[in-house]
Amino acid sequence: MILLNDAELEALLAEDVPYGDLTTASLGITDRRARITFATRERPLVVSCMEEAVRLCGLYGLEIDGFVKSGSLVPPQSVFLEAHGEAGSIHRIWKSVQNLLDYASGIATYTREAVLLARSINPDIVVATTRKTTPFTKKIAIKAVESGGGIAHRLGLSESILIFDYHRVFFPAEEAFAEALDRAKKANPEKKIVIEAADIAEALKFARLGADILQLEKFPLTKLSDAVRILRTDYPHLTLIATGGISAKNIAEYAATGVDMIVTSSPYSAQPADIKVRIEPL
């Protein structure tokens, strides 16, 4: 499980409370005892980044009365995190915790919906997200995707080999590219080689050259189904990925084409969860 460390959590808090809480201090209620609760409203949600929310509470001396783990589906109008302590600490962490849970749980809830839609057609299909995250949110976004039942397609350039057209343009001759691909396979025997294809002709060519995985980019649905059928016949061990323009609205249609994996960026723009926060004195 991905976990934000204390330095990252402190940095998150520093955006909201750079020099203390002027309002709470000015009203003289910093030392009062209080309780804070986080609850769903009218819709269920899949919670994510709960471990970070609990840690933020603990960093400022709050005692946790109850919480659910990341990945839990919480029904409507249900409390899923409750803590108590000094009002000054509660007001200090309140909005940072809410923002974190809103953002991450929105992505997790959307991802769960997309995964369920895709698996209603193909129970074995994998739903993954791209590396097109909003800057500086990657750990949170990927954790949220995992909480919703998805995975990261690529965590970064350092752990996978994915060959795009922008790589192949450096090899004008097909023979030169084939030689480079062979060198890459020999140099990374424990890695699978993924090549992106724009049409069925490219897909067949890259399959012949020895690709382990084909990423079928922006294929129209009918052509994608045809490509899967042809490739399954001639190269049954190839892993086939569909990507480009896929969201929860059409993911079931893409799952029906027979691909092994669907890659999408759409969870990253999911609407944040609508979480209700209540603070009351003890």
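Why is helix H5 (residues 138-147) largely enclosed by the rest of the structure? This is a predicted model, in which local features need pLDDT of at least 70, side-chain atom pairs count only at pLDDT 80 or more, and totals for chains, interfaces and linings use all residues. Residues are numbered from 1 along each chain as its sequence is written, and side-chain values use heavy atoms, with hydrogens and water left out.

**View 1. Helix H5 and its buried residues.** Seven of the 10 residues of H5 are buried, so the helix is largely enclosed. Buried here means under 20% relative accessible area (1.4 Å probe, protein chains only). The buried set is Ile 140, Ala 141, Ile 142, Lys 143, Ala 144, Val 145 and Ser 147. Helices (H or I, at least four residues) and strands (E, at least two) are DSSP runs, numbered from the N terminus.

**View 2. What covers H5, and what follows.** The cover over its buried residues includes helices H3 (50-59) and H4 (87-121), plus strands S2 (45-46), S6 (126-129) and S7 (151-152). Just after H5, Gly 149 takes a positive phi of about 100°.

**View 3. An open sheet of four strands.** The order is S3-S5-S1-S13, with antiparallel pairing; two strands pair if DSSP finds at least two bridges between them. S3 (63-67) and S13 (275-281) are the edge strands, each pairing on one side only.

**View 4. S1 against S5.** Seven bridges join S1 (residues 33-40) to the antiparallel S5 (residues 79-86). Ala 34 has Gly 85 in S5 as its bridge partner.

Terms used: Buried means under 20% relative accessible area, exposed over 50%, partly exposed in between (1.4 Å probe, protein chains only). Contact means heavy atoms within 4.5 Å.
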